Amino acid sequence: MDKNEEKQREEEREQVVSPWEVSSSGKIDYDKLIDKFGCQRLDQSLVDRVQRLTGRPPHVFLRRGVFFAHRDLNDILDAYEKGEKFYLYTGRGPSSEALHLGHLVPFMFTNRYLQDAFKVPLVIQLTDDEKCMWKNLSVEESQRLARENAKDIIACGFDVTKTFIFSDFDYVGGAFYKNMVKVAKCVTYNKVVGIFGFTGEDHIGKVSFPPVQAVPSFPSSFPHLFSGKDHLRCLIPCAIDQDPYFRMTRDVAPRIGYHKPALIESSFFPALQGETGKMSASDPNSAIYVTDSAKAIKNKINKYAFSGGQESVELHRKLGANLEVDIPVKYLSFFLEDDAELEHIKKEYGAGGMLTGEVKQRLAKVLTELVERHQVARAAVTDEMVDAFMAVRPLPNMFD
């Protein structure tokens with residue numbers, strides 16, 4: 001093995017990004033991920049094009065590069081410009097009782113921007129079967145968590161006339177299962193091992209799961225929604241760790257008569273302790289949860305949010321903060337909508353005119369307002385509303 005190969009192997013060991021593990025010995029290198037996965041950087045010209053086509057200002061997640069990579073977004077926009085419609089597909093693996101802020105990112109972007117701006121329907125997959133296979137959860141517990149997570153998703157403000165939420169345990173069968181078999185026949189065992197890194201110790205359920213996540217990309221998987229629309233295109237907003245599933249899907253799609261799904265991919269919402277991966281549901285202090293109280297949010301930020309400020313006030317006034325590693329600034333970049341205020345904070349904090357405590361105080365206010373709004377909306381979601389979103393039914397006004 002030459003030195004370049006050795007260095008590459010070492011880097012791969014230092015940064016692991018898969019659908020089930022995100023870890024790094026330092027900051028996640030997204031440029032390397034783009035090269036490794038083979039997706040494209042989402043540049044300003046695409047952001048401008050989305051704005052022109054929708055007549056809407058770009059969402060905060062677009063204009064600040066939270067969604068930073070894509071696959072074939074131009075193709076979706078070309079089709080849309082010609083008057084063709086598409087649909088959106090995103091999902092959630094229900095492994096915990098409550099969502100943290102990172103989990104909300106794709107739903108906030110899909111609901112408050114993509115679905116509304118393009119006037120298109122959305123399918124949301126709850127992979128309760130996946131979590132049952134990867135986590136130490138019973139079938140019944142996975143199903144219960146799926147419904148609980150559905151309530152948090154509905155609380156983001158989705159329109160029941162344009163949105164179908166389904167759990168795999170409830171929905172897989174019929175046309176959906178036929179597409180799963182078509183996909184499965186096209187992917188060799190060696191291929192799936194190469195994409196996902198399965199080993200001889202993994203049970204066969206894991207090897208059989210990827211087609212389940214693949215086929216919501218195909219409109220014929222939802223005959224109650226898209227009957228006769230087999231050539232409808234699909235756009236998938238997701239975090240970049242889900243890319244392996246859709247690399248496989250995109251490879252198979254033309255071979256079984258479908259368009260390749262397009263993707264728009266986000267970076268990870270960092271843990272409070274710093275940007276070495278994504279937040280862990282097993283460590284409650286690594287994340288802000290939508291169930292946290294105002295006091296808990298303030299305490300977590302003050303105690304755990306990694307600061308780029310200096311060790312003393314004197315040194316901080318002299319040198320200013322390192323904004324590259326500062327978590328409060330990163331969080332504000334996601335959730336403080338006012339561009340001018342964010343730039344003011346970054347300028348003052350970076351120059352030493354603003355202290356860490358002041359930035360953390362502003363962040364606590366922003367996140368408390370967001371979480372409390374969510375809690376009010378979540379409390380209003382009934383079991384009957386969940387049933388309505390998950391009912392297998394046509395959506396006659398989904399493109400209005």
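Which domains does the domain assignment of the protein chain give? In this predicted model, the assignment gives domain 1, residues 16-272, and domain 2, residues 294-380.

**View 1. Domain 1 and domain 2 of the protein chain.** The C-alpha centres of domain 1 and domain 2 are 30 Å apart. Domain 1 contributes 21 residues to the contact, and domain 2 contributes 23 residues.

**View 2. The area buried between domain 1 and domain 2.** Together the two domains bury about 1900 Å². Carbon and sulfur atoms account for 62% of this buried area.

**View 3. Salt bridges and polar contacts across the interface of domain 1 and domain 2.** Five salt bridges are found across this interface. In the model, the side chains of K27 and E324 form a salt bridge, with an N to O distance of 3.1 Å. Polar contacts across the interface of domain 1 and domain 2 number 13 residue pairs, with both residues at pLDDT 80 or more.

**View 4. The side of domain 1 that touches domain 2.** Three helices each supply at least two residues of this side: α4 (60-63), α6 (101-118) and α8 (139-154). The helix that gives the most is α6, with four residues. By residue class, the side of domain 1 that touches domain 2 consists of 14 nonpolar residues, six charged residues and one polar residue.

Methods
Residues numbered from 1 in each chain as written. Predicted model: local features only at pLDDT ≥ 70, side-chain atom pairs only at ≥ 80, totals over all residues. Heavy atoms only, no water. Domains from an automatic or database assignment. Contact = heavy atoms within 4.5 Å. Buried area = accessible area lost by both parts, 1.4 Å probe. Salt bridge = Lys/Arg side-chain N within 4 Å of Asp/Glu carboxyl O. Polar contact = N/O pair within 3.5 Å; in protein donor to acceptor, adjacent residues only side chain to side chain. Nonpolar A, V, L, I, M, F, W, Y, C, P; charged D, E, K, R; others polar.
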